[in-house]
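The sequence and structure follow.

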Amino acid sequence: MTDAIGPALAAALSPTELGGVPVRNRIFVPGHTTNFAQDNLPTPRHVAYHRERARGGVGLIITEAVRVHPTSAGRHISLGCFDERSVPAFAAIADAVHAEGAALFAQIMHAGRQANGDATRTVAWSASPLPWNTGAHTPHAMGRKDLDTVVTAFGAAAARLRRAGVDGFEVHAGHGHLLQQFLSPATNQRSDSYGGPLANRMRLTHRVLEAVRTAAPDLPVGLRVSADEWLDGGLDPAQVVEIVGILREAHPLAYVHVSHSAYHGSWSLSTQMADMSFPHAPFRHHAALFRKALPGLPVLAVCRLDSLAEAAELIADGEADLVGLARPHIADPHLVRKTIEGRAHEIRTCLACNQGCISRVEQSLPISCLINPEVGAEREWLELAARPPARGGVLVVGGGPAGLEAALSAHRAGHEVTIAEAGPDLGGQIRIAARVPGRERLGLLVAELERDVRAAGVTVHTDHRVTASEVVAGDWADVVLATGSRPARRTLPGTGGPRVADLHESVALLDAGNPGGAVVVLDDDGGWAGASLAEAFAALGAEVHLVSPAAALSPRITTYSKLALTRRFADLHVRTHLMRKVVDTGPGRVTLLDPLGGTRSDLTGVALVVDAGIGLAEDTLYRALDDLPEGPRLHLAGDAHSPRSALEAVYEGRLAGSVLTSEKDPEPILLALSR
Ligand code: ADP
């Protein structure tokens, strides 16, 4: 099968140039934090990661933010360019990217007040002593010598990166970083020549652009901005257009990269990594505005542009010159190449779940991806894939994400694979989770896994519950047990209390509409299950109470998504009861205890209790087979191993299928991922 390329897509895939640098197509990978650095230096992991994306056909890669000065380092795992050691390390990335035909621009940045210096024992710098969020340290209001230091650092970093072989620069004046902290009246309260009127607030950005130009006069320099800060008294699109217009007159800007948001504990930050609760391309109007207002200045667009088709549409509609796909390239580094080669039907689509990428960034872990567990360990997985083909039949039990992924990777390794699923459909619990409004995009995971499993020719049995005796009779050498988990279903204290539904039943109940009374969601898990059901019942008009024993709301949801979730909760009047425990129930009543104060409170008029508690591994088959004195080699994957999320299920399925009969063990991959 070959997928046709229409005129819009052909235009998006046609060559162009940026500031005089040839770029083979109009798709780029925008800078995104990986946490792959060590001692703030690029590592072989960066090289393998970017090489894979360049090999995948993209035109331009922009590095993650390269911090120009140690006051911006924040953590040792963030990328910096502080001294000569960084030159060969960045050169390795540039060489790898160039060898695969893509261009490389370095994004250079100072994070200002957003640099959390706890790890590096540095003090955050800013225009004014205003912390970015509750709990953040108050930054040092920069003095004149500090400003000189930053300007010099931008120039020095540009000079080193130029010697490392990058093709151009992107000065980051968006996302609430230092330059934006000076540009914005919301964060700049200075009364010297760097504060007050716009010309003063722009002074630092002017000086930085000049310093970069002087350090690397032969390389193009683009500018990244936030079109809207969404902060009271902050910058709005009209003001940012004005700023870029002025800068453009004074400096030969190669392009403007139009992003949005500020680092701030509000909805603003959640827009930076707009998750699946946002519609497609929610901020394309910003890029369009800049393109119209600043003719002749190339515009780069970004954020939740989920596919090449969408990218092509923006270009065809004259809203952008180049289009950035960050998360789609994390999920599938080869999406451009597959399209060019007529294999678009093989592309794996980003879910915008934020679970493997930004969630792990927030936890100071290297990024991964729910769809693509090879992220961050590209070299190790490639080594594994390069071993001689495996042989023999493999049975995979369970057709959820873990089982489907295991079946695929075992097939790729050379096995004859059979997968058996007890239910009528493949997809496991994700298929159910994807029925909750706002979570539909999860369905892409199982739809595409099923597509690939069937295309691979794996033998698929549905409506087939595998028993231990069947496994033994089948004489399989290797069996992957991906039998998943059962949702929690507790018996609550008290008598005559409201109906208690488990997660699966609760999703089915959504179809019946408003349950006609309050809904209490017991969220002991702290993930999306409880939060998304609370939102869904509230959207049906029910009075919803989310009850959690934890001190923080939804602790397993990344802040970047949670800041949007809390706004939706507020709009829907979802009540939250944190650090509360159910101690009694009665007709239409749930009684909560505050374990600190010892006080009780009643929720009344309750029609339904949703138990979003901890699931139980469905490991009956595993226990039966494990008890046998002899039998097949057993490989547990996913929730059957321990109930967690699809992120772990996909990873464990891929790993299990890859190493079934291998001489090699998975140690290198496990070690790579734990670094
Ligand atoms: P995971 O996320 O780990 O893949 P899921 O719970 O989503 O787990 O999926 C597990 C799947 O395994 C479910 O679709 C379930 O019907 C199936 N399953 C459980 N036990 C058996 C069995 N004995 N035989 C076949 N399929 C099974």
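N188 sits in the loop that runs between α5 (178-183) and α6 (198-201). The model is predicted. Because its relative accessibility is 5%, and buried means under 20%, N188 counts as buried. Two backbone oxygens take part in polar contacts with the side chain of N188: that of F182 at 2.8 Å, and that of Y194, also at 2.8 Å. Leaving aside residues up to four places away in sequence, N188 touches A127, S128, Q181, F182, Y194, G195 and R201.

The ligand is surrounded by 21 residues, and A402, E421, Q429, V466 and D639 are the closest. By class, the shell consists of 8 nonpolar, 10 polar and 3 charged residues. Two helices, α16 (401-413) and α17 (428-433), each contribute at least two residues to this shell.

| Residue | Protein atom | Ligand atom | Distance |
|---|---|---|---|
| A402 | backbone N or O | oxygen | 2.9 Å |
| Q429 | polar backbone atom | oxygen | 2.8 Å |
| A482 | polar backbone atom | oxygen | 3.5 Å |

On its own the ligand has 580 Å² of accessible area, and the protein covers 90% of that. A402 and Q429, listed in the table with backbone contacts, are also among the closest residues of the shell.

Notes:
Residues are numbered from 1 along each chain as its sequence is written. This is a predicted model: local features need pLDDT of at least 70, side-chain atom pairs count only at pLDDT 80 or more; totals for chains, interfaces and linings use all residues. Side-chain values use heavy atoms; hydrogens and water are left out. A residue is near a molecule or strand if one of its heavy atoms lies within 4 Å of it. A polar contact is a pair of N or O atoms within 3.5 Å; within protein, one must be able to donate a hydrogen and the other to accept it, and residues adjacent in sequence count only if both atoms are side-chain atoms. Accessible areas come from the Shrake-Rupley method with a 1.4 Å probe; for residues, only the protein chains shown count as cover. Helices (H or I, at least four residues) and strands (E, at least two) are DSSP runs, numbered from the N terminus. Ala, Val, Leu, Ile, Met, Phe, Trp, Tyr, Cys and Pro count as nonpolar, Asp, Glu, Lys and Arg as charged, and the others, Gly among them, as polar. Buried means under 20% relative accessible area, exposed over 50%, partly exposed in between (1.4 Å probe, protein chains only). Contact means heavy atoms within 4.5 Å.
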